[in-house]
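Hi,

Here is the structure I promised to pass on.

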Amino acid sequence: MKFKISDKIIGGGNPTFIIAELSANHMNDFEIAVKTIKSIAQSGADAVKFQTFTPDTITIDCDNKYFKINQGTVWDGQNLHDLYDEAYMPWDWQPKLKKIAEDLGLIVFSSPFDKTSIDFLEEINVPAYKIASFEITDIPLIEYVASKGKPIIISTGIASIEDIELAIQTCLNMGNDQIALLKCTSSYPAPLEEINLNTIPDMINKFNCVIGLSDHTLGCEVSSAAVALGANIIEKHFILDRNMGGPDSEFSMEPYEFKQMVDSIRNIEKALGNISYELSDKMKSNREFSKSLFVVEDIKKGEIITEANVRSIRPGFGLHPKYLNKILGKKVVKDLKKGTPVSMDYIE
């Protein structure tokens, strides 16, 4: 399975698509957003992702118990509307930031949270959409996104397998098969014990989709391991400096960390290579250091080959060791000095 976002082919053995999530790490400061995007480009990401909502399009301003966060998260105690007011990116920034990012060679897309945000993102012509983990059950939202005919990347952080199957079928029902699923653990930051990366190969086998990882762990080990297991997309939150604070700072990567992750992924891609049993020229030349049959004691013409005078040793210029039992007990047709590679020509 593969599809194209702008000039990048995603899946099908192509390089991992690496997304930097800007999220709330603009700190409600346009210049910080610009600096962050420039740093994202320098760190080697393929894309930057925004979130497109307002506090009133994602929730309502209500103070009862249902709208207070109490889930053991970094946001506990906050009111949902207040949190999203702190986190949202003004919509009038987004076309400007998109232009800046695209001029730097980045692909720009976003997570919408209602129809008005999708309509807005269509106006600024994003090439793809991301469905956030908590929106995977919003089937009308997925239907409307899928109807736009663009690739859809869906996080599965809170999803049961039935939720995943329903989201995929919803896209297919709308005639859209450009689907990627991201393995995701919706804990912030996510503990290693809850990541379950072995789910990635199972997702590859189970769903006819591109599979990736939305990674909320600290460090780059989990993302790198996911690529080794077959992930074609990696998404990580990006921040200029965690000391800036903000809703997502605790599980966001600083520029040098993100660059280390990108370099690690690119090196892993080189090491993964292709399925091959062919020997490189260097590997062929190194066969000289393998074992072969050598004369290890002087043998006179007509004497018998024994385990004492012929052994399997390094280097590899003599007869293959598999012939040892076949030649034991046979006579040699000439004098052989210690250190002579054994050849069938010397055996009667």
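What is the handedness of the crossing of α1 and α4? The crossing of α1 and α4 is right-handed; a crossing counts as right-handed if the near helix is turned clockwise from the far one by less than a right angle, and left-handed if anticlockwise. Helices here are DSSP runs of H or I with at least four residues, strands are runs of E with at least two, and both are numbered from the N terminus.

Before the rest, a word on the source. This is a predicted model, where local features need pLDDT of at least 70 and side-chain atom pairs count only at pLDDT 80 or more, while totals for chains, interfaces and linings use all residues. Residues are numbered from 1 along each chain as its sequence is written, and side-chain values use heavy atoms, with hydrogens and water left out.

Back to the helices. α1 (residues 30-42) packs against α4 (residues 94-103) at an angle of about 25°, and their axes are 10 Å apart. Axes are lines fitted to C-alpha atoms over the stretch in contact, and angles run from 0 to 180 degrees between N-to-C directions. On the α1 side the contact (heavy atoms within 4.5 Å) is made by Phe30, Ala33, Val34 and Ile37, and on the α4 side by Lys96, Leu97, Ile100 and Ala101. That contact has seven nonpolar, no polar and one charged residues. For these classes, Ala, Val, Leu, Ile, Met, Phe, Trp, Tyr, Cys and Pro count as nonpolar, Asp, Glu, Lys and Arg as charged, and the others, Gly among them, as polar.

α6 has two packing partners worth a look. With α5 (residues 115-123), the angle is about 15° and the axes are 10 Å apart. That makes α5 roughly parallel to α6, and the crossing is right-handed. Lys115, Ile118 and Asp119 of α5 meet Leu141, Tyr144 and Val145 of α6, a contact with four nonpolar, no polar and two charged residues.

With α7 (residues 161-173), α6 (residues 139-146) packs at about 35°, with the axes 8 Å apart. This crossing is right-handed too. Here Ile139, Ile142, Glu143 and Ala146 from α6 meet Leu166, Ala167, Thr170 and Cys171 from α7. By class, that gives six nonpolar, one polar and one charged.

β9 (210-215) and α10 (255-272) each supply at least two of the lining residues. The lining divides into 10 nonpolar, seven polar and one charged.

Around the cavity are Cys184, Thr185, Ala190, Ile195, Leu213, Ser214, Asp215, His216 and Val222. β9 gives the largest share of that lining, three residues.

On a 1 Å grid over the protein atoms alone, a cavity is a set of points where a 1.4 Å probe fits but cannot get out; a pocket is an open set with protein on both sides within 12 Å along at least five of seven lines, and lining residues have an atom within 4 Å of a point.

Two backbone details to finish. Arg314 and Pro315 are joined by a cis peptide bond, with omega about 5°, and Pro315 lies in the loop between β12 (310-313) and α12 (324-327). Ser6 is not a glycine but has a positive phi of about 55°; Ser6 lies in the loop between β1 (2-5) and β2 (8-11).

Cheers

Notes: Parallel < 35°, antiparallel > 145°, perpendicular 65-115°, else oblique.
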